[in-house]
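Here are a few friendly notes to read alongside the model. Please keep the sequence and the 3D view open as you go.

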Amino acid sequence: MISNLKAEDQHKHARGGGFVANTASVADTCFVAEHALVYGTAVLTGNVKVLDLAQVSGKARLSGKVVVSGNYWLDHGEYKGNEHFRKNERVQEKQTRIR
């Protein structure tokens, strides 16, 4: 669920079950994984895949076979074709960092 939006302002995408804000546009042919998020005014068309914990937001425009995975956050720009955005940084909790 997108934490800063009310439940009625978002929905689960039919392919994958990830949350999509009602202000974003995601084609039925795209895949949004269960823990992935799409919000803002992002537009996804074609066979775009948002996987893992990835987020697409802002004014991002994705089409073709673009893949966003890991914990990558893509929030602007226009991307077409076969591009793959991947980031798998380890996110530590505050208690771990201050030891």
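1. A contact here means heavy atoms within 4.5 Å. On that basis, and leaving aside residues up to four places away in sequence, Asn22 touches Glu8, Asp9, Gln10 and His11. The model is a predicted one, in which local features need pLDDT of at least 70 and side-chain atom pairs count only at pLDDT 80 or more, while totals for chains, interfaces and linings use all residues. Residues are numbered from 1 along each chain as its sequence is written, and side-chain values use heavy atoms, with hydrogens and water left out.

2. Where does Asn22 lie? Asn22 sits in the loop between strand 2 (19–21) and strand 3; strands are DSSP runs of E, at least two residues, numbered from the N terminus. A polar atom of the Asn22 side chain lies 2.9 Å from the backbone oxygen of Glu8. Asn22 is partly exposed, its relative accessible area being 44% (buried is under 20%, exposed over 50%, partly exposed in between, with a 1.4 Å probe and protein chains only).

3. Four strands make an open, parallel sheet in the order 3-6-9-12, where pairing requires at least two DSSP bridges between two strands. At the edges, strand 3 (25–26) and strand 12 (78–79) each pair on one side only. Strand 6 (residues 43–44) and strand 9 (residues 61–62) are joined by two bridges, and Val43 has Arg61 as its bridge partner in strand 9.

Methods
Polar contact = N/O pair within 3.5 Å; in protein donor to acceptor, adjacent residues only side chain to side chain.
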